[in-house]
Amino acid sequence: MSDTRDYPLEKVRNFGIIAHIDAGKTTTTERVLFYTGVSHKIGEVHDGAAVMDWMEQERERGITITSAATTCFWVPTQFAGNKEHSYRFNIIDTPGHVDFTAEVERSLKVLDGGVVVFDGVAGVEPQSETVWRQADKYVVPRICFINKLDRTGASFDRSFQSILDRLSPNAVRMQLPIGEEDQMEGVVDLVVMRAYYFEGEMGSVIRDEEVPESMKQAAEEAREQIVEKAADVDDTIAEKYLGGQDISVAELQKALREGVIANKIFPVFTGSALKNMGVQLVLDAVVSYLPSPTDVPPVQGTHPKDESVTLERKASDDEPFAALIFKLQTDPFVGQLAFFRVYSGTLHAGSYILNSRTGDKERIGRIVRLHADEREEVKTVYAGEIAAAVGLKDAITSDTICDEKEPIELEKIVFPEPVIQLRIEPKTKADQEKMGVALSKLSGEDPTFRAYTDEETAETIIAGMGELHLDIIVDRMKREFNVEASVGQPQVAYRETIRKEADVEEKYIRQTGGRGQYGHVKLRVAPLPEMTDEEVANLPKNAKHTPSFMFTNNIKGGVIPQEYIPAIEKGLKEVMDKGVYAGYPMVNISVDLYDGSYHEVDSSEIAFKIAASAAFQTGVKQANPALLEPVMSLEVTTPEDSVGDVNGDLSSRRGHVEEMEDRGNLKVIKAKAPLAELFGYTTNLRSITNGRGTSTMEFSHYAEVPQNVAEEVVAKRTGK
C-alpha cells in the first residue's frame with residue numbers, strides 16, 4: 001500500500017452486523033464477503049465452515065463468540081463493474097449470545113453505524129432489544145434487515161410491527177417482500193419502485209422489473225409512509241409533499257440519509273441471506289444511508305494530565321493522531337494483536353505513539369488489516385480506519401494511543417461486572433505455570449472475565465457473564481494454552497451493601513519503644529442511591545464518585561493533614577473489596593470523612609489507613625448490612641400445553657412472571673429470577689416441555705436477598 005490514502009473518507013463505512021443469537025447474522029456476513037469478493041466460496045454456519053467464525057469453539061457450537069474485523073470493498077448495484085464508485089467497508093461481525101455482550105459493547109463504541117439483523121419468524125427477540133439499547137447508548141445510526149423470510153412461519157409484517165412496538169416507532173419499510181415462506185421470490189424497493197429478483201450463482205445476478213400488478217397499491221401506500229418520514233426531517237421534502245409536487249429519488253435518499261444519521265429514521269430491508277436474496281441491496285443501503293467518518297461528530301476526549309480540559313479530534317488525516325484500542329486478541333502466529341479505531345491523523349509502522357493511560361511511549365512495529373483470521377500488512381493507516389497493531393507491550397482494552405506532542409484521552413468503554421464465578425485448579429505442577437499465563441492473556445482480551453486468588457482458601461477463582469462464557473474460557477485454556485484444569489460448581493457473585501446510616505469514630509494508637517502510631521477518624525457511612533450523569537457532574541469538588549462508592553472529604557481546618565487522606569481512602573477501598581458481612585465485595589456505599597485528629601510525631605499513613613478501615617467495618621455492621629444477588633431477565637418460549645408447568649417451576653425458583661405473549665402457536669414468558677436458582681435451568685426446561693422449550697437469560701440488576709436465603713449463604717461462606 002502506498003503512502004497516500006486509497007479511499008477518501010467519504011467513501012469509507014465502519015459498521016457492525018448486530019443481532020440476537022440465531023437471527024442469521026454470521027450467514028449474512030458470509031454473503032457480504034462473497035458479494036464483495038473477499039471470499040470466493042460461501043461458508044455455512046451449520047456446516048461449521050463460516051469464514052468469520054474462525055475459532056474452533058465457534059465452528060463447533062455454530063455461534064459467534066468474538067467480534068471479527070474485516071475490510072472489504074463494494075460497488076453499489078446501480079454502478080456494477082465501475083470501480084470508480086467503489087467504497088471501503090470495515091465490518092465487525094459481533095456475537096449475539098448474551099454472555100458475550102462485552103464484544104458488542106466494545107464494537108459499537110468504535111463503529112459509525114450498524115446493520116441489525118432480525119429473524120423473520122421471531123421478530124424482535126430479547127438480545128435484539130439489548131443490542132438496540134447498546135446502540136442507543138452510543139448513538140449509532142442503524143438500518144434493519146428482516147432475514148429468514150423464506151422460513152416456515154415467517155412474516156414480514158409481524159416482524160416489522162415488533163420493531164415498531166418494541167424498539168422504535170421511527171422504523172420505516174424500504175422494501176416489501178414478493179411472497180413469503182417457500183413462496184418468496186424477491187423484494188420490491190419502495191424508493192425506486194422496482195421489483196428485484198436474485199438469480200445466478202449465489203444470487204449474484206440481480207434482475208429488476210416493474211412492480212407486480214398485485215402489489216402496486218400496497219407498494220404505493222408504503223412509499224407514501226417513507227415520504228412522510230422524510231418530510232419530518234427535511235423542509236424541502238415537506239414543502240413539495242404538501243404542494244403535491246414530485247419528489248425525485250435523489251432528493252428522497254438525501255433526506256433519508258440525514259434522518260438515519262440523526263437517529264430519527266431506521267430503514268427496514270428484508271430478504272433471506274441463506275437463499276441469497278436481498279443482501280446486496282442492504283450493502284447499497286449502507287452506502288446510501290449509513291454515515292462515513294466525516295458524518296459523525298468529532299470524537300471527544302480529555303487531557304491525560306487534567307480531566308477538566310476537554311479536547312476534540314475531527315475525522316481528518318491532518319489532525320493529530322488519536323485512536324482507541326477496543327480489543328486485544330492473542331494470535332498463535334504473531335503474538336498479541338491490539339485492534340484500534342483511528343479517529344484522527346495517520347499512523348505509520350515504525351513510528352512512536354503515546355499511551356495516554358500509562359504515559360509511556362511505545363513503538364508501533366507492524367500494522368495489519370484483518371480479514372477474520374488472515375492478515376494484510378500495511379505501512380500506514382488513516383483517519384476513519386480500523387486496523388490492528390502487533391506487539392504493543394502494555395496496552396489494555398480501552399486505552400487511547402495518540403500523538404505524543406498532542407496527548408488526548410478518549411472516553412473509556414464501560415463493561416458490565418461479572419455475575420458468576422467458578423473455582424479452577426490446574427491438574428499438574430506444569431499446568432499451574434501455564435494456567436497463570438493463560439488467565440492473564442484471556443483476561444487481557446476480555447474485560448468481563450476476571451481471574452483472582454481467594455486469599456482465605458488460596459484457590460483460583462474465575463468470574464464471567466454466564467455459564468457458557470466460563471465454559472468457553474476453560475475450553476480455550478485447554479486448546480490454545482494446553483492447560484488441563486478441573487473446575488468446581490458455578491457460584492453466584494454476591495455483593496454486600498448497607499440499608500441505613502451510621503456514624504463512627506476510631507482511634508488507632510500504638511505506643512512502642514521508639515516512635516508510636518496515631519490515627520483518628522470520624523466517618524459517616526450511608527447507602528448510595530443511583531445517580532444520573534447530571535447529578536454526578538454537579539457533585540462538589542471534594543466528592544469522588546464511582547457507580548458503587550462515593551468518598552467525600554469534609555475535613556476542615558487541617559484537623560487531618562491532606563497527605564493522609566489518600567491512605568484513608570485506600571483503607572476504605574480495601575474493606576469494600578473484601579466485604580464485612582459475608583466476605584463479598586461491597587457496593588452502593590457513600591462515606592463522608594468529616595473529622596478526626598493527628599499527632600505531630602506519631603501519625604503516619606499506615607495509622608490512618610488502619611483507623612479508617614476499622615471505623616468503616618464497625619460502621620457497616622451498625623448500618624444494617626444486606627446481601628445482594630444478581631437477578632436475571634428470562635425469556636422462555638414454550639408450547640401452550642406446558643405454560644402451567646413452566647410458570648410453576650419459575651415460582652419455585654423465586655422467579656416472577658412479568659408478561660406473556662403469543663408467538664404463533666407458542667407462548668413467550670418474560671420473567672425475572674435470581675441467578676442462584678437458575679443453574680441447570682435449560683436442562684430442566686427441556687424435560688418439562690418434552691424438549692420443545694427454549695430460554696435466553698441476561699443479567700438485569702442486583703436485588704436484596706431474602707433474609708432466610710441470606711442467612712444460609714452467609715453461614716456457608718463464613719462457616720458460622
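# Questions about a predicted model

Me: Among contacts in the protein between residues at least 6 apart in sequence, what percentage join residues at least 24 apart?
Reply: Let's start with the whole chain, remembering that this is a predicted model. Take the contacts between residues at least 6 apart in sequence, and ask which of them join residues at least 24 apart. That share is 71%.

Me: How many of the residues in the protein are buried, as a percentage?
Reply: The protein has 720 residues, arranged with 17 helices and 39 strands among them. A residue counts as buried when its relative accessible area is under 20%. The buried share of the protein is 55%.

Me: Which residue of β32 is the bridge partner of A502?
Reply: Strand β32 covers residues 517–527 and pairs with β31 over nine bridges, in the antiparallel sense. A502 has its bridge partner in β32. That partner is V525.

Me: Which elements are included in what covers the buried residues of α14?
Reply: The buried residues of α14 include A607, F608, A611, A612, A615 and F616. An α-helix has 3.6 residues a turn, so residues three or four places apart point the same way. The cover over the buried residues of α14 includes β30 (495–498), β31, β32, α13, β35 and β36 (625–639).

Me: How are the rings of F15 and F89 arranged?
Reply: F15 in β1 and F89 in β3 are 74 residues apart in the chain, and both are buried. Their ring centres are 5.2 Å apart and their planes meet at 85°; an angle over 60 degrees is needed for the name. The pair is therefore edge-to-face.

Me: Which ring does the charged end of R142 sit over?
Reply: For a charge to count as sitting over a ring, CZ of Arg must be within 6 Å of the ring centre. The charged end of R142 is 4.5 Å from the centre of its ring. That ring belongs to W132.

Me: How many of the residues of strand β11 are buried?
Reply: F266, V268 and T270 point one way from β11, while P267 and F269 point the other way. In a regular strand the side chains alternate between the two faces of the sheet. The residues on both sides of β11 are all buried. Strand β11 is largely enclosed by the rest of the structure, because the number buried is five of the five.

Me: Which residue stands opposite P267 in β11?
Reply: Strand β5 (residues 142–147) runs parallel to β11 and is joined to it by three bridges, with F145 opposite F269. Strand β6 (residues 171–173) also pairs with β11 in the parallel sense, over three bridges. The residue opposite P267 is V172.

Me: Is K541 buried or exposed?
Reply: K541 is found in the loop between α12 (533–537) and β33. A residue counts as exposed over 50% relative accessible area. At 87%, K541 is therefore exposed.

Methods: Residues numbered from 1 in each chain as written. Predicted model: local features only at pLDDT ≥ 70, side-chain atom pairs only at ≥ 80, totals over all residues. Heavy atoms only, no water. Pairing = 2+ DSSP bridges. Helix = DSSP H or I, 4+ residues; strand = E, 2+ residues; numbered from the N terminus. Buried < 20%, exposed > 50% of the residue type's maximum accessible area, 1.4 Å probe, protein only. Contact = heavy atoms within 4.5 Å. Phe/Tyr/Trp six-rings, centres within 6.5 Å; stacked < 30°, edge-to-face > 60°. Lys NZ or Arg CZ within 6 Å of the ring centre and 35° of its normal.
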